[in-house]
Amino acid sequence: MIRLHVTSPLAPAAPVAPTLDQSRYLTQVMRLKAGDDLLVFNGRDGEWRCTVADVLKKGVILRAEEQVRPQAFGPDLELIVAVVKKARVETIVEKAAELGARRVRLVLTKRTNADRIRLDRLDAIAEEAAEQTGRMDVPAVDDPIKLDALLDGWETGRRLMFCDETGGAPAVSSLRDAGEGPWSILIGPEGGFSPEEGERLRSLPFTTTVSLGPRILRADTAAIAAMTLWQAAVGDWAR
């Protein structure tokens, strides 16, 4: 069944108004008509079965019928990635949504060399991935921030999985030893972290420095590999 992310509140018999683009998708691509059903979620009220109540010249109106799943969230996992080329950032955001990241944070490092970032495009990619994977929330994508500023304002109690291209401990065993809880995964730029950045990251008390294996990985591959290892070790794949 079609799944759609909306911003409207969801409650019995509540009207739901998709965006114009979503309405065109429902009527022109998926050929829905009045009386047809689809699944809708907003990240707050769970997943609902809705009916197409009315097809207008500009847009459609849905009606919420019943909740089919209560609201649920995955583990508290952030993916922090240095800004890289546009196509690779888009892949990273899509796979982060598919693999259960709750948030994607973009950072600027000393060796960052990247295209201009369009957050509206990344938000749309995250939304579409959430719709397709069955999750009931959409990961936020943050404006780029300098790495030093991010570390200076680090959240108390959150651990950091530092994927160090120069070497580190085996990921799965290190993560299991560190334990569950809020985590962030940090992926560096194409040229790697500077020596000063690497030294600071390794010295932080909340950092778990790990290796992603014997090969040098591109940023998008490294992000997928790191999230997979984290999910298998301490995430919802391990439960």
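This is a predicted model: local features need pLDDT of at least 70, side-chain atom pairs count only at pLDDT 80 or more; totals for chains, interfaces and linings use all residues.
How do the residues of the lining of the largest pocket divide into nonpolar, polar and charged?

The lining of the largest pocket has eleven nonpolar residues, seven polar and five charged. The volume of this pocket is about 360 Å³. It is lined by 23 residues, and Cys163, Glu165, Ile216, Leu217 and Ala222 are the closest to its centre. Two or more lining residues come from each of strand E12 (183–187) and helix H7 (219–233).

Now the sheet. It is open and has five strands, in the order E1-E3-E4-E5-E2, with mixed pairing. Strand E1 (3–5) and strand E2 (15–16) are at the edges with a single partner strand each, so one side of each has no neighbour in the sheet. Further in, strand E4 (residues 47–55) and strand E5 (residues 60–69) run antiparallel, joined by eight bridges. One of the pairs to look for is Val55 with its bridge partner Val60 in E5.

Helix H3 (residues 119–133) packs on this sheet, where it touches E1 and strand E3 (37–41). The direction of H3 makes about 145 degrees with that of E1.

H3 also meets helix H2 (residues 86–98): their axes come within 8 Å and cross at roughly 35 degrees. The crossing is right-handed. On the H2 side, the contact residues are Val89, Glu90, Val93, Glu94, Ala97 and Glu98. H3 brings Arg121, Leu122, Ile125, Ala126, Ala129 and Thr133. Taken by type, the residues of this contact are seven nonpolar, one polar and four charged.

Terms used
Residues are numbered from 1 along each chain as its sequence is written. Side-chain values use heavy atoms; hydrogens and water are left out. Two strands pair if DSSP finds at least two bridges between them. Helices (H or I, at least four residues) and strands (E, at least two) are DSSP runs, numbered from the N terminus. Contact means heavy atoms within 4.5 Å. Axes are lines fitted to C-alpha atoms, for helices over the stretch in contact, and angles run from 0 to 180 degrees between N-to-C directions. A crossing is left-handed if the near helix is turned anticlockwise from the far one by less than a right angle, and right-handed if clockwise. Ala, Val, Leu, Ile, Met, Phe, Trp, Tyr, Cys and Pro count as nonpolar, Asp, Glu, Lys and Arg as charged, and the others, Gly among them, as polar. On a 1 Å grid over the protein atoms alone, a cavity is a set of points where a 1.4 Å probe fits but cannot get out, and a pocket is an open set with protein on both sides within 12 Å along at least five of seven lines; lining residues have an atom within 4 Å of a point. Grid points are joined across faces, edges and corners, and a volume is the space filled by probe spheres set on the points.
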